[in-house]
Amino acid sequence: MQSDVTLSDIAQKLGVSSVTVSKALAGKKGVSDELREEIINLADELGYVRREKSHHPKKNTVIGVIVAERYLNHSRSFYWHIYKELSVQSNDKRILTLLEVINREAEESESVPNLVAQESVDGLIVLGAFNVGYLRMLRSEAKIPMLSLDSLYEEIEGDAVITDNILGGYEITRYLFDKGHRKIGFVGTLKVTPSIDERYIGMCKFLSSAGLDVEFRDNPLVINDRDKYGNLDAEGTFALPSAKEMPTAFFCNCDVAALLLIEHLKEKGYKVPEDISVIGFDNYVPDMNKSIELSSYEIDLSVMISKAMELLTQRLRSPNMPFSSAMIRGKLIVGDSVRAVGK
């Protein structure tokens, strides 16, 4: 009886792969009962020695994800989409994810998240924007690796992965400019999230480079789309300019805001894009009624999440490595909501 029989030896005799033999002997799915029995019988006949499993299996890595409640208050939330993709990629890497939603009271009182207080996770992903005070509390209380996804704060040390919002805002504005638009409005409440501010900065950067006057502060062509807490389409938002001040195109900080703007414009008798062009950001509107194929700037979400998982797992292995930030470029998506003017 041989004592050095291998999986390959068994596989070769039966004309199957070594993987199939391994699955059969381990009791895993993917092998028929008939073939499994044949493999086991041959292994016993040849004297194959099965290695016992360790009594101390490796502990699964668990990543906590926290997100503010205000970003999940409707089913079309982009952050639900991000978390879903994050869960899929984590599962592929045999990493577990746990989500905790932080309400306004907990954020303002700077309460420690349960995931952190109960020490139930190995690392933490901060999804979206939070108050700086809350993030400082997390940095102090969480004795685990922490990564910011979709927001970057200069005041907080740590790794981060974001879309290159400034470049995206620049490219969108250049696209509108090339279509002949010179009076361009922006839809997005400033000083609420870093991403909105950065997209507006990108817009101003291009306008300035093109020699157009830019009013960075108190710009009458900036329309608020949310309140100070980040609630989209809150009461008192989307106050449109007068007909005399109306721009020929609007750059909206996200696609949901763009479709809401189109609804408001229609209520005022404007047609898109015949009267006014509209472009969004994210290329994500899952369950809203779309009367038009929206032009947008697509975020490469898969690459962002892959990079976030890479950085966080590196941080788990090497806690003292230098902090790093990754900016992922997107791409312009041309729809039917922008038309050329003045040509």
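Ser295 sits in the loop between E9 and strand E10 (296-298); helices (H or I, at least four residues) and strands (E, at least two) are DSSP runs, numbered from the N terminus. Residues are numbered from 1 along each chain as its sequence is written, and side-chain values use heavy atoms, with hydrogens and water left out. The model is a predicted one, where local features need pLDDT of at least 70 and side-chain atom pairs count only at pLDDT 80 or more, while totals for chains, interfaces and linings use all residues.

Ser295 is buried, at a relative accessible area of 0% (buried is under 20%, exposed over 50% and partly exposed in between, with a 1.4 Å probe and protein chains only). Its side chain reaches the backbone nitrogen of Gly335 at 2.8 Å. Apart from neighbours within four places in sequence, Ser295 has contacts (heavy atoms within 4.5 Å) with residues including Val278, Ile333, Gly335 and Val338. Ser295 and Val338 are 43 residues apart in sequence, yet 6.8 Å apart in space, C-alpha to C-alpha.

Val338 also turns up beside another serine, Ser277, whose contacts beyond four places in sequence are His181, Thr248, Ala249, Phe250, Ser337, Val338 and Arg339. Ser277 lies in strand E9 (residues 277-279) and is buried too, with a relative accessible area of 1%. The side chains of Ser277 and His181 make a polar contact (3.5 Å); the term covers a pair of N or O atoms within 3.5 Å where, within protein, one must be able to donate a hydrogen and the other to accept it, and residues adjacent in sequence count only if both atoms are side-chain atoms.

Now for the nonpolar cores, meaning sets of buried Ala, Val, Leu, Ile, Met, Phe, Trp, Tyr and Cys residues joined through side-chain atoms within 4.5 Å. The largest has 65 residues, and Ile66, Ile125, Leu138, Leu149, Val161 and Leu176 have the most contacts inside it. Helix H11 (residues 301-317) supplies the largest share of this core, seven residues. A second, separate core of 21 residues includes Phe250, Cys252, Val278 and Ile292.

Finally, the largest pocket is lined by 31 residues, with Leu190, Lys191, Val192, Thr193 and Asp197 nearest its centre. A pocket here is an open set of points on a 1 Å grid over the protein atoms alone, where a 1.4 Å probe fits, with protein on both sides within 12 Å along at least five of seven lines; lining residues have an atom within 4 Å of a point. H9 gives the most to the lining, with five residues.
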